[in-house]
Amino acid sequence: MKALVLEKPGIPDSLLMAEMPLPQPKVDEIRVKVHAVGLNPVDYKVAASGFSRWSYPFILGLDVAGVVDAVGADVTDWQVGDKVYYHGNLSKPGGYAEYTNATAIAVAPLPEGVSFTEAASIPCAGLTAYQALHRRLHIQSEQTILIHGGAGGVGGFGVQLAVLAGLEVITTCSRSNFDYVQQLGTKHLIDYKNEDVVARVKEITKGRGVDAILDTVSSETATKGFEMLAFNGGIACIAGLPDFSKFKPFSIAASIHEVALGGAYLSGDKIAIKDLGKMAREMGELVRQKKVDSMLTEVISLEEIPEALNRLKGRHVRGKIVAKVAE
């Protein structure tokens, strides 16, 4: 099969097109003919350092949508010809290829009326936002939430999910993205480059602070979150935990959550792995009903992935980029 491979840890430009053996599904796996694969920042980040469980040449690509091509011996939930999508296992070869294997219990059916390219834009960013807001922060209507990076994948899905749940949403982004993020439903926009985010949040909330924060940026911004939380507020962190030495106990009774979506596979916890499929079904249904937009903004070819990953690395891509592999 044709695949885009990494021969050793390196930058996106080091990815090469190659012929690779057709993967054979194990007892708990299905083989998927890849129709579309989503691009994510984790691709270039882990490519740079490599991963201890990889053997080279290695195939990246976590977010796959396609058609079941073969099933492992113990798999009963899926049949050849089923249309599926899922968030894959970082430690195993992925979807930058014509075929790939997937853990059967983590897979969800392709939502009716949703294209392969739209579906492939959802998993990593969409499920991360979904898990952060609904599994960790337990958001409720009439709360106020601060979402960092509203123009990005996780931030954009987070804005939509929070608005759908009835929250008042405050979002940080660059001024050039104000119109785009406003269309997603956010009520308050903060230009993080030119405004004091803490002061603006306090102004918007009349000094109270926010009930929840989705931090997509860094440990530093997560630490700043302590200054913006209301009492009993919570922070969900996807890019580094806060510096707890800056936290004053018995002040705001904050809850801090680390979100590591793909860590479910590495944990080996089958309940957590199965929940990836469950969340994908729930997110897929929201996209099918057009309650949440898929965030798909660009469709490219397999060969164009390295250049697109370089743009992602610059951290100024709106929404989601997906590579179309097959019709």
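**Close-up views of a predicted model**

View 1. The largest cavity has a volume of about 60 Å³, and the structure holds one cavity of 30 Å³ or more. This is a predicted model, in which local features need pLDDT of at least 70 and side-chain atom pairs count only at pLDDT 80 or more, while totals for chains, interfaces and linings use all residues. Residues are numbered from 1 along each chain as its sequence is written, and side-chain values use heavy atoms, with hydrogens and water left out. On a 1 Å grid over the protein atoms alone, a cavity is a set of points where a 1.4 Å probe fits but cannot get out, a pocket is an open set with protein on both sides within 12 Å along at least five of seven lines, and lining residues have an atom within 4 Å of a point. Of the 13 residues that line the largest cavity, Phe58, Leu60, Gly61, Leu62 and Leu90 are the closest to its centre.

**View 2. The second largest pocket.** This pocket has a volume of about 480 Å³, and of its 30 lining residues the closest to its centre are Pro23, Lys92, Pro93, Gly94 and Asn101. Strand E6 (residues 99–103) supplies the largest share of the lining, five residues; strands (E, at least two residues) and helices (H or I, at least four) are DSSP runs, numbered from the N terminus.

View 3. Asn89 is found in the loop between strand E5 (83–87) and E6. Asn89 counts as buried because its relative accessible area is 14%, where buried means under 20%, exposed over 50%, and partly exposed in between (1.4 Å probe, protein chains only). Leaving aside neighbours within four places in sequence, Asn89 is in contact (heavy atoms within 4.5 Å) with Leu62, Tyr265 and Leu266.

**View 4. The largest nonpolar core.** A nonpolar core is a set of buried Ala, Val, Leu, Ile, Met, Phe, Trp, Tyr and Cys residues joined through side-chain atoms within 4.5 Å. Of the 53 residues in the largest such core, Tyr85, Leu133, Ile145, Phe157, Leu161 and Met283 touch the most other members, and helix H9 (residues 270–288) gives the most to this core, with seven residues. A second, separate core of 40 residues includes Leu4, Trp78, Tyr99 and Leu309.

Methods. Points joined across faces, edges and corners; volume = space filled by probe spheres on them.
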